[in-house]
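Subject: Structure for your files

Hello,

Here is the structure for you to keep open while you read. My notes on it follow below.

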Amino acid sequence: GGGGKRGPSRRTEYQVVIENLPPSASWQDLKDHMRKAGEVTYAEVFKNGENMRGEVDFGSRDDMDYAINKLDDTEFRNPFATSIIRVSEARGGGGGGGGKGGGTGARRDFSRSRSRSPVRGKDRNDSRSPGRGGGGGGG
């Protein structure tokens with residue numbers, strides 16, 4: 001047993017997902033393997049059916065990119081098993097100004113014709129403009 005004192009783990013935004021880990025893989029094994037790419041600040045493994053998947057955070061974007069380029073499709077070894085792992089960026093391709101894909105469901109802007117924003121610009125000091133009866137609060 002012994003208290004699970006797990007070093008300082010620091011989450012960063014440079015996260016990768018590792019798939020196809022052998023079931024015997026531990027977060028320590030994973031961390032050691034991913035350290036080839038740079039500073040690993042966090043490592044964890046999750047049971048995923050017959051295999052495991054891992055998550056690793058790196059200290060910098062360079063390290064993360066390096067891991068994705070160099071450690072994807074490489075051999076992961078621990079004392080019990082060897083397997084070819086897949087490394088990819090954890091975020092589902094967010095940001096980065098959408099690449100391919102596109103236009104199904106074009107935005108419909110004509111819904112704006114019914115917007116009833118008050119017309120301002122004349123006299124902003126008149127807080128209770130006469131004639132607009134209290135503006136009903138819809139749902």
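The sheet and what packs on it

Five strands form an open sheet in the order β2-β3-β1-β5-β4, and their pairing is antiparallel. Its edge strands are β2 (40-48) and β4, each of which pairs on one side only. On average, neighbouring strands of this sheet are turned by 30° against each other, direction ignored. Helix α1 packs on the sheet, where it touches β1 (14-21), β2, β3 (51-58), β4 and β5, and its direction makes about 130° with that of β2. Helix α2 (residues 61-71) also packs on the sheet, touching β1, β3, β4 and β5; the angle between its direction and that of β5 is about 135°.

The model is a predicted one, in which local features need pLDDT of at least 70 and side-chain atom pairs count only at pLDDT 80 or more, while totals for chains, interfaces and linings use all residues. Residues are numbered from 1 along each chain as its sequence is written, and side-chain values use heavy atoms, with hydrogens and water left out.

The terms are used as follows. Helices (H or I, at least four residues) and strands (E, at least two) are DSSP runs, numbered from the N terminus. Two strands pair if DSSP finds at least two bridges between them. Contact, or touching, means heavy atoms within 4.5 Å. Axes are lines fitted to C-alpha atoms, for helices over the stretch in contact, and angles run from 0 to 180 degrees between N-to-C directions.

The chain as a whole

The protein chain has two helices and five strands, which run β-α-β-β-α-β-β from the N terminus on. Of its 139 residues, 24% count as buried (under 20% relative accessible area; exposed is over 50%, partly exposed in between, with a 1.4 Å probe and protein chains only). Among contacts between residues at least 6 apart in sequence, 63% join residues at least 24 apart. The accessible surface of the protein chain comes to about 10600 Å², and 45% of that belongs to carbon and sulfur atoms (Shrake-Rupley method, 1.4 Å probe).

The buried residues of α1 are Asp 29, Leu 30, His 33 and Met 34. They lie on the same side of α1, because they cover an arc of only 125° around the axis (the arc of the directions from the helix axis to the C-beta atoms). Among the elements that cover them are β1, β2, β3, α2, β4 and β5.

In α2, the buried residues include Asp 63, Met 64, Ala 67 and Leu 71. Seen down the axis of α2, its buried residues fall within an arc of 100°, so they line one face of the helix. An α-helix has 3.6 residues a turn, so residues three or four places apart point the same way. Asp 62 and Asn 69 are exposed on the other side of α2. The cover over the buried residues of α2 includes β1, α1, β3, β4 and β5. After α2 comes Asp 73, whose phi is positive, near 65°.

Strand β4 (residues 74-77) pairs with strand β5 (residues 82-89) in the antiparallel sense over four bridges. The two form a hairpin with four residues between them. Thr 74 has Ile 85 in β5 as its bridge partner, and Phe 76 stands opposite Ser 83 in β5.

Asn 78 is found in the loop between β4 and β5. Is Asn 78 buried or exposed? Asn 78 is buried, because its relative accessible area is 10%. Its side chain makes polar contacts (pairs of N or O atoms within 3.5 Å; within protein, one must be able to donate a hydrogen and the other to accept it, and residues adjacent in sequence count only if both atoms are side-chain atoms). One of these joins the side chains of Asn 78 and Ser 24 at 3.3 Å, and another joins the side chains of Asn 78 and Asp 29, also at 3.3 Å. The side chain of Asn 78 also reaches the backbone nitrogen of Ala 81 at 2.8 Å.

Asp 29 belongs to helix α1 (residues 27-34). Leaving out residues up to four places away in sequence, Asp 29 touches Ser 24, Phe 76 and Asn 78.

Regards
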